[in-house]
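Hi,

Here is the structure I promised to pass on.

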Amino acid sequence: MTTLSLKNVTRRFGGLVAVDSVSFDIGSTGVTAVIGPNGAGKTTLFSLISGALAPSDGQIFLDGRDITGIRPEDVAARGLIRTFQLVQLFQNMSVLDNVKAGQHLHTRGGIFAALARPGWARREETQIEARAWELLEFVGLSDHAHAFATALPYGQQRLLEVARALAAKPKLLLLDEPAAGLNADETKRLSGIIRRIAETGTAVLLIEHDMTLVMNTADEVVVLDFGKKIAQGLPEEVQKNPDVLAAYLGGVEIGHG
Amino acid sequence: MTSLLATTLPSRFRWTDTLAWLPWIISAGIVGYAFLSGGYVVTLVVFALIYAVFVIGLNIFMGFTNQVSFGQNAFAAISGYTSAVLTTAYEWTTLPAIAVGVALAVLCAFLIGYPTLRLKGHYLAMGTLAIGLITYEISVEWSSVTQGYMGISGIPPLGIGAYEVTSDRGQLALLVVIVLILTFMSARIRTSRLGRAFFAVAGSEDAARALGVDVARYKLASFILSAACAALAGSLFVHVVGFVSPEVFGLHMVILSFTMLYVGGIGTVAGPLLGALIVSLLPDTFRAFKDYQDLAYGAVLILLLIYAPRGLAALFDRYVPAKKVGGAP
Ligand SMILES: Nc1ncnc2c1ncn2[C@@H]1O[C@H](COP(=O)(O)OP(=O)(O)O)[C@@H](O)[C@H]1O
Ligand SMILES: [Mg+2]
C-alpha cells in the first residue's frame with residue numbers, strides 16, 4: 001500500500017533548482033529516511049509535500065488523492081503532519097497546552113463551546129487532556145507538563161514537537177532532522193521513539209544527518225543530491241552505493257552534518 | 001533538570017497563587033474607592049471601564065493572537081455613531097440601537113478583515129491604521145448624518161426600555177457588571193480550543209497550519225471578537241456622555257488603548273481592566289506635580305515598561321512565561 005507518491009516533483013527558486021524532478025513512493029507503514037548533503041533540497045522537499053511551498057512542477061498524491069499545491073492546513077487534515085528543522089513550538093503555551101493544541105483537528109467547538117461549555121465540550125476537553133498526558137509520557141516529558149515550552153532544553157523541545165505532531169494522529173509523519181542538537185543518549189531514545197511510532201501503524205518520513213540514527217531506524221533510504229534523487233533502497237545498500245559515497249565525500253560533510 | 005523547577009508552573013497550591021489575585025484586588029480597590037467617594041473619581045473610573053471593554057477586545061487580537069491593529073477605533077466609531085443616530089434622529093431606545101451598532105461594526109470587521117488579514121506584518125498594521133483614518137474622515141465629511149465636527153448631542157443614557165441609568169453610581173455599577181462579564185468571557189476563551197488556536201497562531205503560524213489550524217480563519221475570528229468589544233465600548237461611550245463627535249474616536253483612542261494594554265499586561269486576563277484603571281487615574285494622581293504632571297506620568301510609564309515589560313498583571317500571571325532559562329542555543 002502506497003501512502004505518499006511523488007511524481008517528478010520540482011521546485012525552482014529563480015535559477016536554482018532546489019528539488020529536481022524527484023519521484024518516489026512510500027508505503028503506509030515503516031520508516032523512510034531522506035538523506036543528502038546540506039543544501040540537497042531535503043527541507044524544500046518536505047515543504048512541498050506538506051503544502052508550505054507549491055511545486056513548480058510535478059504532482060504529489062496522498063492515499064491516491066492529488067494534494068499538489070493545496071494549503072498546509074488541508075494537507076494536515078488529510079493526515080500528513082510535519083515537524084520543522086528549526087523547532088517551531090508555541091512558546092507562549094505550556095508543554096501540556098502545546099500537545100492539546102496539536103489535537104485541534106480532532107476536536108471541534110468555537111466561540112459557543114468556549115463560552116457556554118456544554119457537556120460535550122467539557123468531555124472533549126477531559127479527553128484531550130488525558131491524551132496529551134499519554135503523549136507526554138510517551139516521549140518522556142510528563143514531568144515538565146506545566147513548564148513553558150521555551151523553558152525546556154533544546155533536546156526536549158524537539159521531543160515536544162514530536163509529541164505535538166503525534167497529537168494530530170498522523171497517518172504519515174514527516175520529521176525534519178529530529179536529532180539535530182541532540183546528544184548521543186537523546187538520539188538513541190529518539191530512535192526508539194520513532195520505531196515505536198512506526199510500530200503503531202504511522203508511516204514515518206524522516207530527514208536525518210545522523211547516519212547511526214538512519215541505519216538503526218530506517219527501513220528504506222532515499223538519497224538526494226543537488227535536488228536530484230541519486231539513490232533509493234535499503235540502508236545497507238545505499239551506504240555502499242558509489243554515487244552516494246561520492247556525494248557525501250564531495251560535499252562538506254561525511255556522515256554527520 | 002533541576003533548573004526547570006524555577007519555571008515549572010505550580011500544579012499544587014503555592015503562596016504565589018494568591019498573588020494571582022492581586023490585579024483583581026487592586027482593581028476592586030480602585031472601583032470600590034470611586035463608588036464610595038463619588039464625584040469626579042466616579043466619572044474617571046466610568047471612562048476607564050468603558051476603555052477596559054475596548055482593551056479586552058484589543059487583547060484578544062493583539063495579546064492572544066499576536067496580531068497588530070491600529071484601527072480598532074473604527075469599530076468604536078461605527079457603533080457609537082450608529083447608536084447616536086438611531087437614538088436621536090430615529091428615536092430608537094438604547095438597547096436595540098447598541099445591538100444594531102455592534103452588529104454593523106462586526107459586519108464591517110468581517111468585510112475589512114477578510115482581505116486585510118491576509119496581509120503580513122507591517123502591511124496589516126498599515127491597513128488597520130488606514131481603516132481608522134478613513135472612518136474618521138467619514139465621520140467628519142458625512143455631515144448630513146454625523147453633523148460633522150459639530151457632533152451629535154442629546155443622546156439618551158444607558159437603560160433598558162423605560163428604565164434609564166442616569167446616576168453616576170448607577171452607570172459605574174452597570175459598567176462593572178459589563179466588564180466582569182467580558183473578562184469572564186475572555187478567560188474562558190483563553191482556556192478553550194478556540195483560545196489555543198489563537199495562541200497557536202501567535203506562537204508559530206507555520207506550526208499551527210502544519211497541525212491543521214486554519215490560520216486565516218482564526219485571525220478573522222479574533223479580529224471580529226476584538227471589533228465587537230471595540231464597538232460595544234463605542235456605543236457605551238456615546239450613551240454615557242450623551243454626545244459624540246469625530247474626535248471622540250480619533251487616534252488618541254488608539255494610543256491610549258495601547259498604553260493600557262501594555263501597562264496592564266498584554267495576553268493576560270486581568271491586564272486590560274488593571275491597565276485601563278491605572279492609565280486613566282495616573283495623570284490625575286500627579287496633579288500635585290503641576291507643570292511636571294506630564295513628565296511624571298511619562299516617567300512612570302517608562303519605568304513600568306522597563307520593570308514590567310509584559311505588563312503589571314503578567315507579574316502575577318501563572319500563564320505568562322518567565323524569562324527564558326538555559327537549554328536552547
Ligand atoms: N525560500 C528559498 N528561497 C531561495 N532559495 C531557497 C529557499 N529555500 C531553500 N533554498 C535553497 O534551496 C536549496 C535546498 O535547500 P534545503 O531544502 O533547505 O536543503 P537541505 O534541507 O537539504 O539542507 C539550498 O540551496 C537553499 O539555499
Ligand atoms: Mg534542511
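Let's start with A:Val31, which sits opposite A:Val204 in strand E8 of chain A. Please keep in mind that this is a predicted model. A:Val31 belongs to strand E3 (residues 31–35) of chain A, and E3(A) pairs with E8(A) (residues 203–207) in the parallel sense, over 4 bridges.

E3(A) also has a partner in strand E9 (residues 220–225) of chain A: they run parallel and are joined by 4 bridges. If you want to find that pairing on screen, look for A:Ala33 opposite A:Val221 and A:Ile35 opposite A:Val223.

How many of the residues of E3(A) are buried? The count is 5 of 5, so the strand is mostly covered, taking buried as under 20% relative accessible area. A:Val31, A:Ala33 and A:Ile35 point one way from the strand, while A:Thr32 and A:Val34 point the other way, and the residues on both sides are buried.

Zooming out, these strands are part of an open sheet of 6 strands in chain A, in the order E6-E7-E8-E3-E9-E10 and with mixed pairing. E6 and E10 (228–233) stand at the edges with a single partner strand each, so one side of each has no neighbour in the sheet. On average, neighbouring strands here are turned by 15° against each other, ignoring direction.

Helix H3 (residues 40–64) of chain B packs against helix H8 (residues 168–190) of chain B at an angle of about 15°, and their axes are 9 Å apart. Angles under 35 degrees count as roughly parallel, so that is how H3(B) and H8(B) are described. The crossing of H3(B) past H8(B) is left-handed. As for what lines the contact between H3(B) and H8(B), the residues there divide into 17 nonpolar, 4 polar and 3 charged.

Cheers

How values were computed
Residues are numbered from 1 along each chain as its sequence is written. Chains are lettered from A and ligands numbered from 1 in the order in which they are written. This is a predicted model: local features need pLDDT of at least 70, side-chain atom pairs count only at pLDDT 80 or more; totals for chains, interfaces and linings use all residues. Side-chain values use heavy atoms; hydrogens and water are left out. Buried means under 20% relative accessible area, exposed over 50%, partly exposed in between (1.4 Å probe, protein chains only). Helices (H or I, at least four residues) and strands (E, at least two) are DSSP runs, numbered from the N terminus. Two strands pair if DSSP finds at least two bridges between them. Axes are lines fitted to C-alpha atoms, for helices over the stretch in contact, and angles run from 0 to 180 degrees between N-to-C directions. Angles under 35 degrees count as roughly parallel, over 145 as roughly antiparallel, 65 to 115 as roughly perpendicular and the rest as oblique. A crossing is left-handed if the near helix is turned anticlockwise from the far one by less than a right angle, and right-handed if clockwise. Ala, Val, Leu, Ile, Met, Phe, Trp, Tyr, Cys and Pro count as nonpolar, Asp, Glu, Lys and Arg as charged, and the others, Gly among them, as polar.
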